[in-house]
Amino acid sequence: MVDLATWNLSIPEGSPPKTIETPRLVDGFKNKYFNSEGKTVYFWAPVTGAKTENAIYPRSELRETYKDGTLRNWVYPDADNYLQATLAVNQVPSSGKIVIGQIHAKDSNKPMVKLEYQYKDASSSGNIVAKVRMRPDDGDGRVITIATGVQLNKSFSYQIHLDRTGDLGITAAGRSWYTTMSAKWKVKPLYFKAGVYVQDNTGYTSEGGKVTFSKLDIDHNT
């Protein structure tokens, strides 16, 4: 069971794309882009979907909130910050790439951390790749392959952990990678995101990213 009480949802529909606020999400919202019936949460984002402001790709993606629905932003020295998920990737667009988890930076177009599933036709499986901006003024930052050989429709887990000293640990599909972020991030408000953010915007309406989460937890341990 996934607790939706600390998230809102952006879906790739409307202009600008709709945000489903926390109370409505908890109340059982569902449509073709999102469904939380039963013990899993399903996300679908077609490559033809509407895009949020300043974005070039569509998404069906959760954004961290407080329980009353107001947006939650945090600075990492205040707590040990965790995003933990168990999921299966069911479909990828023709680019093969979808974002499945993020630490985003408030008032920025560029996240601190993007965790991507990148499907490879040659191996008929996907890599879990982290894109990490070590400093707030980084351009594209570092690209690290965390795990390989993750098949479509096969469940795996990931964890993104940013502690109060700035140490970042990313674990995915049983493999881990660690680094220490620049102290310049200390004062930057951050927030978690999770779902399916397709890295593609061309193709048929049947093309896109489809993901099913069976676990999704945020913790800020003070």
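Q: What is the secondary-structure content of residues 2-220, and how far apart are the end C-alpha atoms?
A: In this predicted model, residues 2-220 are 2% helix and 49% strand, and the end C-alpha atoms of the span lie 17 Å apart. An unreviewed UniProt entry places the feature "domain: Alginate lyase" at these residues; such annotations may be inferred rather than shown by experiment.

Q: In what order do the eight strands of the open sheet stand?
A: The order is β2-β1-β5-β14-β7-β8-β9-β10, with antiparallel pairing.

Q: Why are β2 and β10 described as standing at the edges?
A: β2 (19-20) and β10 (142-150) each have a single partner strand, so one side of each is left without a neighbour in the sheet.

Q: What makes β1 and β5 a pair of strands?
A: The criterion is at least two bridges between the strands. Strand β1 (residues 7-10) is joined to β5 by four bridges, and the two run antiparallel.

Q: Why is strand β7 called largely enclosed?
A: Eight of the nine residues of β7 (residues 97-105) are buried, so the strand is largely enclosed by the rest of the structure.

Q: Which residues touch the most other members of the largest nonpolar core?
A: They are W7, I103, V132, Y158 and L168, in a core of 58 residues. The largest share of this core, five residues, comes from β14.

Q: With which residues is L168 in contact, leaving aside its neighbours within four places in sequence?
A: The contacts of L168 are I103, V113, V132, I160, H161, L162, W177, Y178, T179 and M181.

Q: What makes the approach of E13 and K18 a salt bridge?
A: The nitrogen must lie within 4 Å of the carboxyl oxygen. For the side chains of E13 and K18, the N to O distance is 3.1 Å, and the pair therefore qualifies. A search of the whole structure finds eight salt bridges.

Q: Why are E13 and K18 called partly exposed?
A: Partly exposed covers the range between the buried limit, under 20%, and the exposed limit, over 50%. The relative accessible area is 26% for E13 and 41% for K18, so both residues belong to the intermediate class.

Q: How do you know that E37 and K30 form a salt bridge?
A: Their closest N and O atoms are 2.8 Å apart, and the cut-off is within 4 Å. K30 is partly exposed, with a relative accessible area of 45%.

Q: Which parts of the chain does the salt bridge between K193 and E61 tie together?
A: The side chains of K193 and E61 meet at 3.2 Å, N to O. K193 lies in strand β14 and E61 in strand β5 (residues 59-64), so the pair ties together parts that are 132 residues apart in sequence. Both K193 and E61 are buried. Salt bridges with shared partners join R59, E61 and K193 into one network.

Q: Why is the pair of F34 and F43 called edge-to-face?
A: Edge-to-face requires ring planes over 60 degrees apart, in a pair whose centres lie within 6.5 Å. The planes of F34 and F43 are 70 degrees apart, and the centres 5.3 Å apart. The structure holds four aromatic pairs.

Q: Why are F34 and F43 called buried?
A: Buried means under 20% relative accessible area. The value is 0% for F34 and 0% for F43, so both residues are buried.

Q: What does the pair of F43 and F213 tie together?
A: F43 and F213 form an edge-to-face pair, 5.4 Å centre to centre with 75 degrees between the planes. F43 lies in strand β4 (residues 41-46) and F213 in strand β15 (residues 208-221), so the pair ties together parts that are 170 residues apart in sequence. F213, at 0% relative accessibility, is buried. Ring pairs link F29, F34, F43 and F213 into a cluster.

Definitions and conventions:
Residues numbered from 1 in each chain as written. Predicted model: local features only at pLDDT ≥ 70, side-chain atom pairs only at ≥ 80, totals over all residues. Heavy atoms only, no water. Buried < 20%, exposed > 50% of the residue type's maximum accessible area, 1.4 Å probe, protein only. Core = buried A, V, L, I, M, F, W, Y, C linked by side-chain atoms within 4.5 Å. Contact = heavy atoms within 4.5 Å. Phe/Tyr/Trp six-rings, centres within 6.5 Å; stacked < 30°, edge-to-face > 60°.
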